[in-house]
Amino acid sequence: MSTTIKGRIVGYDERRGELLIRAPYADIPTMIRQNQKEVLVQPLDSRPLSDKQRRSCYAMIGEIADYMGDDKISAKEYLKLEFMVNNVNDLSEKIFSLSNAPMSLVAEFQRFLAQFIVRNNIPTKRSMLSYVDDIRDYVYSCLINKRCCICGKKADIHHVQRIGMGRDRDDIVHEGMEALPLCREHHTEAHTMPDAEFFDKYHLDGGVVLDKTLCRIYGLKAKK
């Protein structure tokens, strides 16, 4: 089992493009015996969390708690444990608080909460687009689970790059095209206005590029 230690960036060699890192490590005999010569480095975003990010996480926890019929404190601890078991390898980071955790860790937790809600089809009082910072990750999760990224209802795929009349949908290579998962109502609305206007109305960054996984889910032609 590998050991994870925490160090500090103490400098940067601009000419060579290298970080200079200082980290405590006492088990030198093991390092020599195992011929340890390489390390994995994961920079942590140490900027303080904004109130918006913190409120977003608590709001999503509240939505999940209401759906589960549980209190928010119990739901929060359960969700943190689920997140830590599946996403955090460093034992020292497994106990974290939304009040002082690194921004990078809470950003991952926020993505986890959004994916949890989409995957379990949990209804929310507000559009999930008002909760998430990583919109593209959220939209991708909605595509995977065939849920409308605006309202959460059952969705079909909407091509941002419109497929014109006379073009055979089965012959077109869809991989690499941008798409959104939209319910019938929002799909119809998207066809009544310019893309930029639709994106601005719902605070979207555009579509998500279809990859082989998404093409397989929707039965669309991918690149060979």
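Predicted model: local features only at pLDDT ≥ 70, side-chain atom pairs only at ≥ 80, totals over all residues.
User: How far apart are the end C-alpha atoms of helix H4?
Analyst: The expected span of a helix is 1.5 Å times one less than its number of residues. H4 covers residues 103-119, so its 17 residues should span 24 Å. The model agrees, with the end C-alpha atoms separated by 24 Å.

User: At what angle do H4 and H5 pack?
Analyst: Axes are lines fitted to C-alpha atoms, for helices over the stretch in contact, and angles run from 0 to 180 degrees between N-to-C directions. The axes of H4 and helix H5 (residues 135-145) lie 9 Å apart, and the packing angle is about 25°.

User: Are H4 and H5 roughly parallel or roughly antiparallel?
Analyst: Angles under 35 degrees count as roughly parallel, over 145 as roughly antiparallel, 65 to 115 as roughly perpendicular and the rest as oblique. The angle of about 25° therefore makes H4, relative to H5, roughly parallel.

User: How many disulfides are there?
Analyst: A disulfide is a pair of cysteine sulfur atoms within 2.5 Å. The sulfur of Cys-148 has its closest cysteine sulfur in Cys-151, 3.7 Å away, which is too far for a bond. Cys-183 is in no disulfide either, since the nearest cysteine sulfur, in Cys-151, is 3.6 Å away. By this rule the count is zero.

User: Is Cys-183 buried or exposed?
Analyst: Buried means under 20% relative accessible area, exposed over 50%, and partly exposed in between (1.4 Å probe, protein chains only). Cys-148 has 1% and is buried. Cys-183 has a relative accessibility of 4%, so Cys-183 counts as buried.

User: Which residue of E5 is the bridge partner of Ala-179?
Analyst: Two strands pair if DSSP finds at least two bridges between them. E4 (residues 178-182) has four of its five residues buried, and E4 pairs with E5 (residues 208-209) in the antiparallel sense over two bridges. Within E5, the partner of Ala-179 is Val-208.

How values were computed:
Residues numbered from 1 in each chain as written. Heavy atoms only, no water.
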